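Please keep the sequence and the structure in view while reading, and look up each residue as it is named.

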Amino acid sequence: MLGQDQASKLRRLVAQQKQARTARIIAVASGKGGVGKTALSVNLATSLAAKGRRVVLFDADLGLANAEVLLNVDPACTVLDVLDGRKTMRQVIQEAAGGVSLISGGSGVARLADLSEFERARLVDSLEELEGEADIIIVDCGAGISPTVLGFAGAADMTMIVTQPEPTSLTDAYALIKVMTQRYDDSWSPQLLVNCATSRKEAQEVYQRISRVSWRFLKISVQDAGYVLRDEAMVAAVKQRVPVVLHRPRSAAARCIEALARTVDKSLVPVERRVGFFRRVLGLFK
Ligand SMILES: Nc1ncnc2c1ncn2[C@@H]1O[C@H](COP(=O)(O)OP(=O)(O)OP(=O)(O)O)[C@@H](O)[C@H]1O
Ligand SMILES: [Mg+2]
């Protein structure tokens, strides 16, 4: 039997651990490249930070500078420092304007594009270090179905698949859903976000098409994450290297992102993880 002191110590420890494990991980992925993952990740992160959430944006498009360019951050350290054992994940966080904590995926380092299976698993696992630091961890994945993307998407609490309305983008989004489903199980339920829509109606049609085929052929239920309108303000904000939600908060794109952030914020009720993160991550890369 535990003494009273020991029992209360244990209760305190368990409570602390629960508290430390409340960060929700959102992976932003796409089949086709250039559909707006980074622009959306950066803006979603900024918008959630403005609501008082502690947000970490993890640039998992390794070896290519993405999020740091849009946030105008010149990173002094990157995930490479973590992989090479020079720094911890916490130590490579850089504060960006708008209150977002950024982890750079490194730029122009060939080694990052060619990680071993173990290194990839370690990187995904190292997100766990950030759980106590953040309410939400947004992982901006590279395009396509590389093992790194599949690993992050599989480990996340929510996978947001970004597509544009045109057919190539739709086909590739479906391909990503298919590969993910084959790797994991049919309880996996991605969110679909239609970027660069010309209207709400068009976005809804795109969602219906993807969700219908995913259900029919894969028995996967795809959730509707909504849409972001095609908007010149987004292009202008990218050029200025300021998130559109800060640069042009009243623009159509910024309003759509605000709506998305509200939905995400509501849906991400903190829950205790069922299994250790590392255990979930191991096996994902096989
Ligand atoms: N809603 C939008 N309206 C207009 N332009 C947009 C919108 N969303 C993104 N863009 C433009 O599309 C371009 C590509 O966006 P972004 O770099 O975010 O794509 P990506 O999916 O991250 O690309 P990659 O696959 O290379 O990582 C950006 O330069 C941005 O200006
Ligand atoms: Mg990108």
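In this predicted model, a nitrogen atom of ligand 1 lies 3.0 Å from a backbone N or O atom of Leu229.

**Around ligand 1**

- Ligand 1 has 19 residues around it, and those that come nearest are Gly34, Lys37, Thr38, Ala39 and Asn195.
- The side chain of Thr38 places a polar atom 2.8 Å from an oxygen atom of ligand 1, while Gly36 has a polar backbone atom that is 3.0 Å from an oxygen atom of the ligand.

**Helix α2**

- Helix α2 takes in residues 37-50, and its end C-alpha atoms are 20 Å apart, which agrees with the 20 Å that its 14 residues should span at 1.5 Å a residue.
- How many of the 14 residues of α2 are buried? The count is 13 of the 14, so this helix is largely enclosed by the rest of the structure.
- After α2 comes Gly52, which has a positive phi near 95 degrees.

**Helix α8**

- Helix α8 is made of the 19 residues 200-218, and the distance from its first C-alpha to its last is 26 Å, close to the 27 Å expected at 1.5 Å a residue.
- The buried residues in α8 are Ala203, Val206, Tyr207, Ile210, Ser211, Ser214 and Leu218. They lie on the same side of α8, because the arc that they cover around the axis is only 120 degrees.
- Just after α8 comes Lys219, which belongs to the loop between α8 and β8. The phi of Lys219 is positive, near 60 degrees, although this residue is not a glycine.
- Lys219 counts as partly exposed, because its relative accessibility is 44%, and a value between 20% and 50% falls in that class.

**Gln164, in the loop between β6 and α7**

- Gln164 is located in the loop that joins β6 and α7, and this residue is buried, since its relative accessible area is 10% and buried means under 20%.
- A polar atom of the Gln164 side chain lies 3.2 Å from the backbone oxygen of Val35.
- When neighbours within four places in sequence are left aside, the residues in contact with Gln164 are Gly34, Val35, Ser169, Leu170, Asn195, Cys196 and Arg230.

**Val162, in strand β6**

- Val162 belongs to strand β6, and it counts as buried because its relative accessibility is 1%.
- Which residue is 132 residues from Val162 in sequence, yet 5.1 Å from it in space, C-alpha to C-alpha? That residue is Ser30.
- Ser30 is also among the residues in contact with Val162 once neighbours within four places in sequence are set aside, and the others are Val28, Ala29, Val35, Lys37, Leu40, Leu193 and Asn195.

**Cysteines**

- Cys77 is buried, as its relative accessible area is 9%, and Cys196 counts as buried too, as its relative accessibility is 15%.
- Cys196 is placed in strand β7, and its phi is positive, about 60 degrees, although it is not a glycine.

**The protein as a whole**

- The secondary structure of the protein is made up of 12 helices and 8 strands.
- Of the 286 residues in the protein, 52% are buried.

Definitions and conventions. Residues are numbered from 1 along each chain as its sequence is written. Chains are lettered from A and ligands numbered from 1 in the order in which they are written. This is a predicted model: local features need pLDDT of at least 70, side-chain atom pairs count only at pLDDT 80 or more; totals for chains, interfaces and linings use all residues. Side-chain values use heavy atoms; hydrogens and water are left out. Buried means under 20% relative accessible area, exposed over 50%, partly exposed in between (1.4 Å probe, protein chains only). Helices (H or I, at least four residues) and strands (E, at least two) are DSSP runs, numbered from the N terminus. The expected span of a helix is 1.5 Å times one less than its number of residues. The arc is that of the directions from the helix axis to the C-beta atoms. A polar contact is a pair of N or O atoms within 3.5 Å; within protein, one must be able to donate a hydrogen and the other to accept it, and residues adjacent in sequence count only if both atoms are side-chain atoms. Contact means heavy atoms within 4.5 Å. A residue is near a molecule or strand if one of its heavy atoms lies within 4 Å of it.
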